[in-house]
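Thanks for coming. I will go through one structure, starting at the surface, then the core, then the backbone.

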Amino acid sequence: MKNIKIIIVLMIISFSNCEKVVDIDVPSIEPKLIIDASFEVFFDESPVVANTTVKLSLSADYFDDEIPAVTNAVVTLTNLLDNVVIPFEDVNSDGNFTPINSFIPANDTEYELTVIYDNDIYKGKATKVKSTIINSITQGDETLFSDDQIELKILFSDDENEENYYVFNIDTYNFVNIEDTYFNGSDYNFSYFYEDENIELPKEIAIKLSGVSKDYYTYFTILSSQSGESGGGPFQSIPSSLLGNIVNTTNDANFPLGYFHISETDTYNINLVEKE
């Protein structure tokens, strides 16, 4: 028995002496322009307001901690119904471009986004997608995997005259994508299990419901699964193979990443409390 112990110790020492630190060279990828132009029209508010920010950044290597903002671009939006051009500006020099004069995207109107950056011209088109309001959200008593989860029971009504696609944004960086294939024209009630290990109750959170197109639904579903839903949201780091609806009209090879989309959006606030 003593001999066996000695052999085991010698094997451990031998393996520990063979350990090496291996440096792997990760190839650097040419930065791509990321255009996050997901407009939200809060149609159920009075007056109606809209988030029409165009966020510009550059893709970074996998291990980079920061996403470089793009501030030296020219951004405009054209109403293709009357050819009125809406100029944007980056007020805080942080890559967030907003309209010089605020506006609300109109119904049944196609808009063309134009971004000029580094001598290339990028363009994308979008029309506002209709949505519906959130009927109610209540805090439930059930959990799914752990006691730290909080059940949110969400109810909304679907329009039977349309093929609808939705994106729920729960407390900023939690997303749920839903299509109405199995509940078209019905009231739809589902549970979402919210979890935040640092949460201190009571806490008020906001839930947003946005109507989206089928193409954007597919894009966002893939984007969320590949990029994750935390640490800045799915647009924080976009896979270089995932192309949106914006093209480089100057140089096809230097394609951008990101998407231009306009959604009707409803917001619902709920105060989460400790349950006995």
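Let me start with Glu 195, which is partly exposed at a relative accessible area of 42%. This is a predicted model, so that value, like the others today, is computed from predicted coordinates. Glu 195 sits in the loop between strand 13 (187–194) and strand 14 (203–212). Which residues form the negative surface patch? They are Asp 147, Asp 148, Glu 195 and Glu 197. Patch members need over 30% relative accessible area, and Glu 195, at 42%, passes that cut-off.

The loop that holds Glu 195 is also the place of Pro 202. The peptide bond from Leu 201 to Pro 202 is cis, and its omega is near 0°.

In soluble globular proteins, nonpolar side chains tend to be buried together. Here, the largest nonpolar core has 25 residues, and those with the most contacts inside it are Ile 35, Val 54 and Phe 260. Which strands each supply at least two residues of this core? They are strand 1 (33–42), strand 3 (54–58), strand 4 (74–79), strand 5 (84–89), strand 7 (110–117), strand 8 (120–127) and strand 16 (257–272). Strand 1 gives the most, with five residues.

Val 54 belongs to strand 3. Is Val 54 buried or exposed? Its relative accessible area is 0%, so Val 54 is buried; the cut-off for that word is under 20%. Val 54 also pairs up in space with a residue from elsewhere in the chain: Asn 96 is 42 residues away in sequence, yet the C-alpha to C-alpha distance is 5.8 Å.

Last, the backbone. Most residues other than glycine have a negative phi, and most peptide bonds are trans. Pro 47 lies in the loop between strand 1 and strand 2 (49–51).

Ser 93 is not a glycine, but its phi is positive, about 55°. Ser 93 is in the loop between strand 5 and strand 6 (96–99), and at 54% relative accessibility Ser 93 counts as exposed. Asp 118, also not a glycine, has a positive phi of about 55°. Asp 118 is placed in the loop between strand 7 and strand 8. With a relative accessible area of 59%, Asp 118 is exposed, because exposed here means over 50%.

Key:
Residues are numbered from 1 along each chain as its sequence is written. This is a predicted model: local features need pLDDT of at least 70, side-chain atom pairs count only at pLDDT 80 or more; totals for chains, interfaces and linings use all residues. Side-chain values use heavy atoms; hydrogens and water are left out. Patches are made of residues with over 30% relative accessible area and no salt bridge: like charges are joined within 9 Å, nonpolar side chains (Val, Leu, Ile, Met, Phe, Trp, Tyr) within 5 Å. Accessible areas come from the Shrake-Rupley method with a 1.4 Å probe; for residues, only the protein chains shown count as cover. A salt bridge is a side-chain nitrogen of Lys or Arg within 4 Å of a carboxyl oxygen of Asp or Glu. Lys and Arg count as positive and Asp and Glu as negative; His and the chain ends are not counted. The place of a charge is taken as NZ of Lys, CZ of Arg, CG of Asp or CD of Glu. Helices (H or I, at least four residues) and strands (E, at least two) are DSSP runs, numbered from the N terminus. Buried means under 20% relative accessible area, exposed over 50%, partly exposed in between (1.4 Å probe, protein chains only). A nonpolar core is a set of buried Ala, Val, Leu, Ile, Met, Phe, Trp, Tyr and Cys residues joined through side-chain atoms within 4.5 Å.
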